[in-house]
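This report describes selected features of one protein model, from its surface to its cores and salt bridges.

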Amino acid sequence: MKHNLLLAFFLTILSTAPVFSQPNENADPTVVTLRNMVVEFPDSVIHILDTTGNALPSYQANLLRGIAYNEKRMFSLVEKYAKLALNSDSIDFHPKEKLNALTLLSVAQTFFGNFQESISNSLKAIEIAQQSGNTAAEYNILTTMAKNSFVMGKRKQGYEYLDRIISSGASSTEARVLANVSAAYGVKIVELYADNRFQEGLEEGWKRMELINSIDKNGGAPEGFTDQQKAYAFARIASCAERAGKKDVAKKAYDSFMKTRYAQNPMGRAYIMDYLLDSGKWNTVLKFTAPLYPLFSNTDTINEDYRSLLISDGRAQAGLGNYRKGYELMNRASVIRDSLYLREKTTQAQELATIFALNEKEMQLASTRSALQKRHVVIMASFGIGLLLIIILALTIKVYVTSIKRQKIAARQIDELLAMHRMSIDSSNEEKENFRLFSDMQHTIVERNLFKSPDFNREGIVNATGLSRAKVAHLIEKFTGLSTNDYINKLRVEYSAQLIKEHPEWTIDAIAESCGYVRRATYYNHFNRIFGITPAQYRKEAGKPAITHPDENSKEE
């Protein structure tokens with residue numbers, strides 16, 4: 001529903017990256033030193049471990065490597081070394097380190113979409129946290145499990161995890177525990193807002209405010225913590241109240257937000273963007289975003305924060321009627337999105353190169369044991385290097401081709417957006433409101449992947465958006481020219497085309513099922529009607545080999 005600066009900053013603050021416990025007081029001084037270095041100097045820690053790591057217990061060395069690679073965002077290696085640490089029998093005698101290793105493994109598995117495995121390891125970590133009385137760590141892991149559940153579409157389960165934290169922790173007097181409860185409230189309010197449950201989000205916002213006041217009263221929190229938490233809470237109360245139609249409450253919450261110390265700096269004001277955009281305060285949006293641009297002037301602007309900044313300004317400019325300026329900002333945001341995609345693929349290639357280098361080094365160490373093994377290692381290393389070069393070249397070509405395709409698609413989408421903006425210039429206020437309702441409706445359907453359910457229909461759209469049946473049909477007909485069923489099928493087919501390109505290893509039947517189709521024939525019929533070719537033909541044209549069964553071609557409808 002909202003692609004703006006607040007979302008990026010809010011998720012950054014609430015991200016449940018592992019909070020690693022410190023080693024025991026009697027821990028090896030080397031371990032303590034490396035643990036203190038790992039956040040700022042992960043490469044140095046890896047180098048030290050590679051040269052002197054044999055002096056440490058294997059579980060300690062592997063855990064430190066996992067933490068270092070977590071800082072470098074190389075999650076294949078995080079997973080590898082977390083598993084090696086957990087495979088050591090010695091780690092069972094060190095519950096704090098085992099808790100860290102399980103948390104690391106859970107983070108890596110979440111990154112790769114292995115949510116069930118991540119939750120399984122999180123449950124093991126929670127058991128250790130409970131046995132050691134580390135309630136703050138337990139709540140931190142539960143929040144991660146909740147986020148995994150929301151991503152998996154298990155929204156009821158996600159809310160249950162958050163409610164478990166809130167109900168059991170709200171009465172605590174320990175600042176660290178209450179801080180994690182406040183974070184759980186924050187995640188819950190964001191998800192309620194995404195589900196259009198604005199009144200419930202508003203009620204949870206006031207409960208969070210009571211909790212923050214309790215933290216303030218009990219003491220023990222770092223200086224400025226409760227002021228910052230109040231700013232977050234008031235920002236979400238304002239946005240939920242605005243969308244719930246309680247404009248007076250929203251305005252008072254906004255005023256309270258502006259009275260916090262945190263709202264006096266440009267970064268803090270980014271959190272009120274949802275309210276400003278929802279309430280149409282376009283000039284205030286531009287006023288608050290203007291000081292943020294210099295913060296990016298001497299840094300890398302290829303990041304989600306800068307992209308969100310451009311989108312917020314683009315919406316504000318369009319709201320003021322400056323459609324050309326709004327289009328330019330949206331176009332720049334689209335270019336950054338493609339650059340982020342290209343960077344992600346490049347990082348994956350670098351990670352692959354690192355894995356090959358590590359494997360080559362391990363083979364070279366083993367080669368010293370015998371002359372025969374050395375000859376074998378040299379041959380395998382040469383083969384590995386050649387294979388690596390081929391893979392990197394193939395990845396580079398694939399990234400380039402994919403980036404070009406994405407740019408074309410993005411350009412077409414931007415052109416369509418501009419055309420809609422132009423249409424709205426000469427339209428009435430009612431037409432502008434209809435377009436906003438349609439945009440919000442479509443974003444809700446796509447963002448939550450509602451169309452992937454085989455039973456999803458107009459009633460599903462009504463339940464997800466709160467619009468009437470007649471209004472849903474009217475908006476879809478007006479802005480797409482399609483019936484409700486044809487519109488839903490179009491979303492499914494377009495999503496299936498994306499899966500065909502991204503997952504060449506999947507069968508056509510698996511792709512059809514993932515997009516909400518029960519019968520293969522129905523999927524083929526809809527795909528051919530919209531794109532003019534069959535899914536199998538599209539996969540062939542996309543240059544990716546199909547996974548075929550003996551009768552795959554014969555079954556094509």
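Predicted model: local features only at pLDDT ≥ 70, side-chain atom pairs only at ≥ 80, totals over all residues.

Met380 is located in helix 20, which spans residues 371–425.

## Nonpolar cores

The largest nonpolar core comprises 33 residues. Within this core, Met441, Ile445, Ile461 and Tyr523 have the most contacts. Two or more residues each are contributed by helix 21 (429–447), helix 22 (458–465), helix 23 (469–480), helix 24 (484–502), helix 25 (508–514) and helix 26 (520–531). Helix 24 supplies the largest share, eight residues.

Leaving aside residues up to four places away in sequence, Met441 touches Ile461, Thr465, Leu467, Val472 and Ile476. A second, separate core holds 30 residues, among them Met209, Ile212, Tyr254 and Tyr271.

## Salt bridges within and between helices

The structure contains 23 salt bridges. One of them joins Asp440 to Arg436, with an N to O distance of 2.9 Å. Both residues belong to helix 21 and are four residues apart, about one turn of the helix. Asp440, at 13% relative accessibility, is buried, whereas Arg436 is partly exposed with a relative accessible area of 35%. Asp440 and Arg436 also take part in a network of salt bridges that links them with Arg243, Asp278 and Glu433.

Another salt bridge pairs Asp216 with Lys230, the closest N and O atoms being 3.4 Å apart. Asp216 lies in helix 11 (residues 198–218) and Lys230 in helix 12 (residues 225–243), so this pair ties together parts that are 14 residues apart in sequence. Asp216 is partly exposed, at 40% relative accessibility.

Asp92 and Lys98 form a salt bridge in which the closest N and O atoms are 2.9 Å apart. Asp92 is partly exposed at 46% relative accessibility, and Lys98 is partly exposed with a relative accessible area of 25%.

Phe111 is part of helix 6, which covers residues 95–111. Its relative accessible area is 45%, so Phe111 counts as partly exposed. The C-alpha atoms of Phe111 and Asn148 are separated by 10.0 Å, and the two residues are 37 residues apart along the chain.

Definitions and conventions. Residues numbered from 1 in each chain as written. Heavy atoms only, no water. Buried < 20%, exposed > 50% of the residue type's maximum accessible area, 1.4 Å probe, protein only. Core = buried A, V, L, I, M, F, W, Y, C linked by side-chain atoms within 4.5 Å. Contact = heavy atoms within 4.5 Å. Salt bridge = Lys/Arg side-chain N within 4 Å of Asp/Glu carboxyl O.
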